[in-house]
Amino acid sequence: MQRISGRTFVKACVDWRGVLPAVAVLLAVSVPSCGPRDAGSVVTFWAFGVEGEHVAKLMPEFERRNPGITVRVQVIPWNAAHEKLLTAFAGRSLPDVWQLGNTWIPEFTILNAIEDLGPWISRSRTLRASGYFPGIWDTNVMDTVLFGIPWYVDTRVLFYRSDLLAGVGYVNPPRSWDEWFDVCARLKQAHPEQYGIFHSTNNEWAPPVIMGLQEHSPLLKDQDTRGDFSGPEFVRATRAFDRFFKNNWAPVKTTQIVNVFQAFAEGYFAMYITGPWNIGEFSRRLPDSLRGRWMTAPLPGPDGAIGLSTAGGSSLVMFRHSKHKEEVWKLIEFLSEPAQQLEFYRLTGNLPARVDAWRDSSLAANRYAAAFFTQLNHVVATPKVPEWEQIAQKAREYIELITMDQYTVEEGLAALDREVDIILEKRRWLVRGE
Amino acid sequence: MANRHAALFFLAPALLAIGAFFVLPVLAALVLSFTDFDIYSLGNFDYARFVGLKNYMQLLADPLFWKALKNTFYFLLVGGPLSIAVSLGAALMLQPKFVRFKQFFRTAYFAPVVTTLVAVAVVWRFVYHPRFGILNYLLSLVGLGGIDWLGDPHWAMPAIILMAVWKNFGYNMIIFIAGLQGIPGELYEAAAIDGAGRLQQFRSVTLPMLAPTTVFISIITMIGYFQLFAEPYVMTQGGPRNSTLSIVYLMYQQGFRWWNMGYSAALAFILFAFILAGSVLQSRMQKRWGI
Amino acid sequence: MQKFGRFLLYLSLIAVAAVTLAPLGWMVSASVMPTGQSAAFPPPFFPKELTFEHYLRLFTGIRLARYLLNSALLSVSVTAISLAINSMAGFAFAKYRFRGRDQLFKMLVASMIIPSQVTMLPLFLMLNKMGLINTYMGVIIPGMAGIFGIFLIRQFAMSIPDSLIEAARMDGASDFRIYWSLILPLCKPILITLAIFTFMGTWNDFLWPLIVMTDDSMYTLPVAIANLSLEHVQDTELMMAGAVMTVAPVLILFAAVQKYYISGITAGSLKE
């Protein structure tokens, strides 16, 4: 039998039978890892993705102004954020303050996990509801109670190749759905191998839902306990959305486009509905030759007025059972200062929630941001139910199948409603006793 | 030795641990699967109801469940035999006496088995990159076009199968080697005397004598493959278009992402039922073929 | 003709080895490439320049040392504890006679079929009530219940001659003394094998630590790598360095003790 080299296995050298249990007991006793015991309070702050990485850079200034408070930032990838938060709730290990996508706020109010910020804001000298875009502020309010302070805002606007559109007679971007379809048709005629627009139906639920909102579909009905996707408004919207695919104005095989930036630069598609982070990304990743040949614009609406868009973004929320609520509020106020909002914008490209911050030259002069500013005054919230994330994913799946001719519009939306009704079953029982 | 107290003393820690942290959770999962415990219940226990078989019925009516089932079976029925065939092939290649450096080859073939699945999934994600991945590069060398392995719903599962076979074949290979070594040389000699060529010897001596080993390997491979999760989690997140959604992934999604815990528990038991059925089926076949 | 056959065989052996080792080789190679170099067409197999900046970044910016420590600590603890209690149980099943012994053993072995995912949710809720979520014990405790270990040890211990045990008894040794001074040393080979299995299994475990550890300072290596990969989708070289750090310890360990590991697999698969 081969001898083991005396490597990791202490057992081979010392009387291993004694060491084994000793090691075991020792380790079992050093139970939860204790962080350093600082003098002063430590505030734990969870932030996601890119925001998480960059917000850490703002902390030294906060700590300088508030000696005695240390902020520990933990970065979590967006993919894992939802489950991490819920697991932390179940494990009673939520941080003192965290970034929360505003569509997730309803879930956490049901869980009773976040603090009612009404009393805090009424005592605040720097924060007021009027400092924020109304549509955005509204997403933080559940049944008149305020649960979060908007941190940065997100909405969807139209990014487009201004040169390609001008080439088919559209010096100004389309303002109504009719113009939108028309420009697509013209683009297809001029460039048969290319597409007018790219809808990433394999991972984005926003574009078709936005069109539904623009048609004033409530999305859910009966006190948000049943799906209304088969309602006439959403059917109209989905039919319109589907036109892009049936007329070959948008690629059906969305996975073909591996690199969005490259495809946009090559003119493979001329329009794209996406969010503010792409202002920075497009500027960075598009070749220099593209400079000045693309632009942003508010979304076209069904009848010529500016179309509604989603009121997205993240808020800062406070843990209901935090032991450092005063410190957390200071942090929230700090991150809401226009100066900090601007600094954050410079670091991440995320648009500030504070309207005042927009008056700064860096944003006011930013041609691309202008469209967002206009759009932010025309945003509306999606239904404020905890199940929304799950419902949105289902909607995306079914609409994608509709665009692929697996369902007709009516069949697909009816099937979607059936599934949504199942998802909402618990809520129905709680709210209406059915 | 009939000292009952001593036996109890030695058994107690393990049985206690197994009882508390295995048996109890299994029973609890069973109970959970008959309730509609979800995120509302997490906030307030009163919001959990006893619903009998409703979760199971709902699962059977859920198209996503059938999709996950189909995907898992696809993985199992293609990846399983493929993996076993490759393992057997590798074991056979290492069988002849004249082969040198057996130790090196065995170690090389076994290396993927001990690596951390998550880490190699990350590596393979890049191997499968449509533009910069080794695989498409090699394909281009023989004139074949590039495939969007992880982005094309038709190719995503084959991509995962390929990676799983790469990772696991070494394990079964070792067992096959032991099995092959257990075949008496006289049987081969007798067959050769009867005029059997190498291929015939393989069919009439090797395969039958390997049958018990093969059955054992099939069962453990099947049990393992039913539990497909980490590869879709790291590489494709169940997509594209749910083509790599496995049963365990769906369970994870429902249980830890959407917090439909009763539903998720029911799914876990259905998984268990399949594994049980599969094992029973395989041992039945084993008995029928008189092994 | 035979020579040609041999040549083909060697060719196949080498080809398979190349396929098996190529991804791992590329992993190491890419981990020392400067940022961006790996994303080129054709994909480079060898780095043009060597750099260790990614490893540096892993240990400074991303605090990989912490995750390494967590993985090591947990793997060693689980191995130590489960070896202790499983060897006792395996010994009891092998050498003691009591009513229901064989039925109990058969039930335990049969229950190995139940996939671990069945227990995850309730176990999570249970540990949550005990306040053990996000602690080391939250991972150690479920790792203690290992039926496979009991099985292996029982098989091995059965081969210890009863006469040895009788002799020790006649010399006045207590049951525990027999276990401690006689059985355990005789079981050394299987214990080592089991230790290796358990250590590697715990090191590579992904789903459970993912669920239990909510604080990033508690992550184990696989969880940290998965996190990293979801976060830094563009940073190939950094990812590879992280993968190397996760895979290298177990590979090195395996290379050192492969005889035991492999004999353990065959021991576990032989029919009684």
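This is a predicted model: local features need pLDDT of at least 70, side-chain atom pairs count only at pLDDT 80 or more; totals for chains, interfaces and linings use all residues.
Chain A is assigned two domains, each made of two stretches of sequence: domain 1 covers 41–155 + 311–365, and domain 2 covers 157–310 + 382–432. Taken over C-alpha atoms, the centres of domain 1 of chain A and domain 2 of chain A are separated by 28 Å. Where these domains touch, domain 1 of chain A supplies 14 residues and domain 2 of chain A supplies 14 residues. On the domain 1 side, helix H5 (residues 105–110) of chain A gives the most, with three residues.

A second contact joins two chains, with 70 residues taken from chain C and 72 residues from chain B. On the chain C side, the most comes from helix H13 (residues 236–269) of chain C, with 15 residues.

The table sorts one side of each contact by residue class.

| Side | Nonpolar | Polar | Charged |
|---|---|---|---|
| Domain 1 of chain A, touching domain 2 of chain A | six residues | six residues | two residues |

Back in chain A, helix H10 (residues 206–214) is mostly covered, with nine of its nine residues buried. Among them are A:Ala206 and A:Gln214, as well as A:Pro207, A:Pro208 and A:Gly212. What do the buried residues of H10(A) pack against? Their partners in chain A are helix H11 (232–246) and helix H18 (388–403), together with strand E11 (269–274), strand E13 (309–310) and strand E16 (379–380). Just after H10(A) comes A:His216, which has a positive phi of about 65 degrees.

How values were computed: Residues are numbered from 1 along each chain as its sequence is written. Chains are lettered from A and ligands numbered from 1 in the order in which they are written. Domain bounds come from an automatic or database domain assignment. Two residues are in contact if their C-beta atoms, placed from the backbone, lie within 7 Å. Helices (H or I, at least four residues) and strands (E, at least two) are DSSP runs, numbered from the N terminus. Ala, Val, Leu, Ile, Met, Phe, Trp, Tyr, Cys and Pro count as nonpolar, Asp, Glu, Lys and Arg as charged, and the others, Gly among them, as polar. A residue is buried if 20 or more other C-beta atoms lie within 10 Å of its own, exposed if 12 or fewer, and partly exposed in between; C-beta atoms are placed from the backbone.
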